[in-house]
There are 2 protein chains.
Amino acid sequence: MQRVTIADVARRAGVSTATVSRALSGGRKVSSDVAERVRAAARELGYEVNPIARALRVSRTDTVGMVVPSIRNPFFTALVESVEHALGADGKELLLCDAQSDPDTEAKRLDALVTRNVDGIIVSPCHGTDSTPAVQRTAERLPLVQLDRFVGGTSTDWVGVDDIAAMRSVVEHVHAGGARSAAYLGARLTNSSSELRHAGFLRHANEFDVETGPQWTLLGDYSVEWGERAVGMLADSGRLPDALVCADDLIALGAVRACRTRGIGVPARVQVTGFDNIEFTRLAEPPLTTVDQPTRRIADEAVRLLADAAGGPAARDAAHVALVPKLVVRDSTRTG
Amino acid sequence: MQRVTIADVARRAGVSTATVSRALSGGRKVSSDVAERVRAAARELGYEVNPIARALRVSRTDTVGMVVPSIRNPFFTALVESVEHALGADGKELLLCDAQSDPDTEAKRLDALVTRNVDGIIVSPCHGTDSTPAVQRTAERLPLVQLDRFVGGTSTDWVGVDDIAAMRSVVEHVHAGGARSAAYLGARLTNSSSELRHAGFLRHANEFDVETGPQWTLLGDYSVEWGERAVGMLADSGRLPDALVCADDLIALGAVRACRTRGIGVPARVQVTGFDNIEFTRLAEPPLTTVDQPTRRIADEAVRLLADAAGGPAARDAAHVALVPKLVVRDSTRTG
DNA sequence: AATTCGCTGGCAATCGATTACACACGCGGA
DNA sequence: TCCGCGTGTGTAATCGATTGCCAGCGAATT
């Protein structure tokens, strides 16, 4: 398929392949008339370097791999889109993998990416501890940056938001709206985001004197279904808090929906908050107050870190970049 | 990075690299004791073939490229996930590109994929005519199958749903629910889906004696915003039809939302239907009646066609596989 | 006993680019 | 005149795997 090679260009321009390579990829000086002749020949023949051959020689593929827990989650989709965009600016390609929220397939995907000689890996690990070995092992071989979530026991670059600070603004906001008690609808504490958001919620609920309690801490997974079920459990349990703080938007969407079907007023009876600011939060009934994740900036930082790491690989301290997200206030909470 | 090579294994097993290659990839017979020795050596050294080197030699990368108009659209996300899944079964990788709904970047992406020696390409072209040259050119070089949408003027494989038949079931359904007039909220007719859905709507509205009209045909793009705006225009125009048939779920979600904010009862005053059955249709208020796209089967077919094409490349007739989708009835339409 | 055949395994070419090394040439200084 | 040096180009090795062709060997055939 790859018809025209560097040898063809060399023949046509009447020079050696070495010169062609130098003229095009510009490693060393080439006299300007020869360079022009080579470029002309290349243009006429429609020559393009074969990235495979180049990759074999220089062991660099201009491709970065990305592994996300689930491409179904619109938050990760947004992240992927942002990463693609950021890479495009550098002329790099994206090899995308879905871990299906399973550490084993995640490990397989990481290995596959390593074998394929990607230049670097961006991963949002699906599990806080079970993902550690694979991430660790991969990070020893390649530049790697963790996105959004990170695993314990490794020291790699990481970019994400400050979950604790975000939770502070959430709690502050519902408190200002009159909430004196709140439930936390989260995901099991198997990864860093889950842990930090939960911890942030507890800490700041305490700070603002918002009542919480174990019976008001419901941990499942990041899905609409779980949000619906959790509200069911709360409603059945007798006492309902003033606010439902959710660990992500999917849970919050489920919660709002369940409230509706049970006739629980939002925000009149309970205020509800989400996290991520995926597109569909606007469409909920009522539109969801949530924490906006700056996916664009997260992606840019990640790509930059990866580029840095590719430069001087050896002894560089790992960077942890935590962006402080903004609260987006909509109608699922009370203001003033 | 790629530490252990076939030569290391050969040395350790006391054979030549040729034998190692044959023992592992099994091109030709190797006596069983030698094969065992080689496998042992490979295992001990942790050897894995270098896909780059292999690709250079055999010019096959076990990677397929996919280009979608926008990864933001959950329908395409679902499609991507399904394709990834289907490829995984074949031990192939996915190189994903986003065309940002722009034929020029789409063309660039296609070229990039060709240069990278992917084994085949799956594309959902973003424009019915402007995408043609790039798709055509690409199809001449590589196995290519179009998904969901297709461009005019080429003869490549295609897999998608029968949009006309789908529209028939939609119109039949709202008619059965009492609709005697209907508006069509679609996207500008710049691609096949848009055209066919629109044509199907008109044809079957006519068949069922459902009133339509140019003032009730609103064409914009596939987005929530457009759905909202279109309903605004309809409401302002004076006369509202009995049903809003939308060309995709995003438009329908916007339409439903706009109806809500304007106090137009759904389905009491107007019935609303979507198309694609993305996850969030369940969450709308009311949940949306829509056409379910069998993404799993579409992806499976596409991957199968690609595999076929890779086998006997030359003279094979292009296949057009149209699956007939099912209507999913929820609460945004009236039943019986 | 000589020839042929089948089966295994090794040698070396090959894929297409990059690059270390060598070489040719021209020019200036000793 | 000779040497040294810089510049620009060519030669060939290299990346790591696959594979066409050939050689050796034992068994089978004549």
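A salt bridge is taken here as a side-chain nitrogen of Lys or Arg within 4 Å of a carboxyl oxygen of Asp or Glu. By this rule, 16 salt bridges span the interface of chain B and chain A. One of them joins the side chains of A:Glu285 and B:Arg260 (3.4 Å, N to O). The structure is a predicted model, in which local features need pLDDT of at least 70 and side-chain atom pairs count only at pLDDT 80 or more, while totals for chains, interfaces and linings use all residues. Side-chain values use heavy atoms, without hydrogens and water, residues are numbered from 1 along each chain as its sequence is written, and chains are lettered from A in the order in which they are written.

The contact (heavy atoms within 4.5 Å) involves 46 residues from chain B and 45 residues from chain A. Because 98% of the interface residues of chain B are also interface residues in chain A, the copies meet through the same surface. About 4,700 Å² is buried between the chains, 52% of it on carbon and sulfur atoms; this is the accessible area (1.4 Å probe) lost on putting the two parts together, summed over both.
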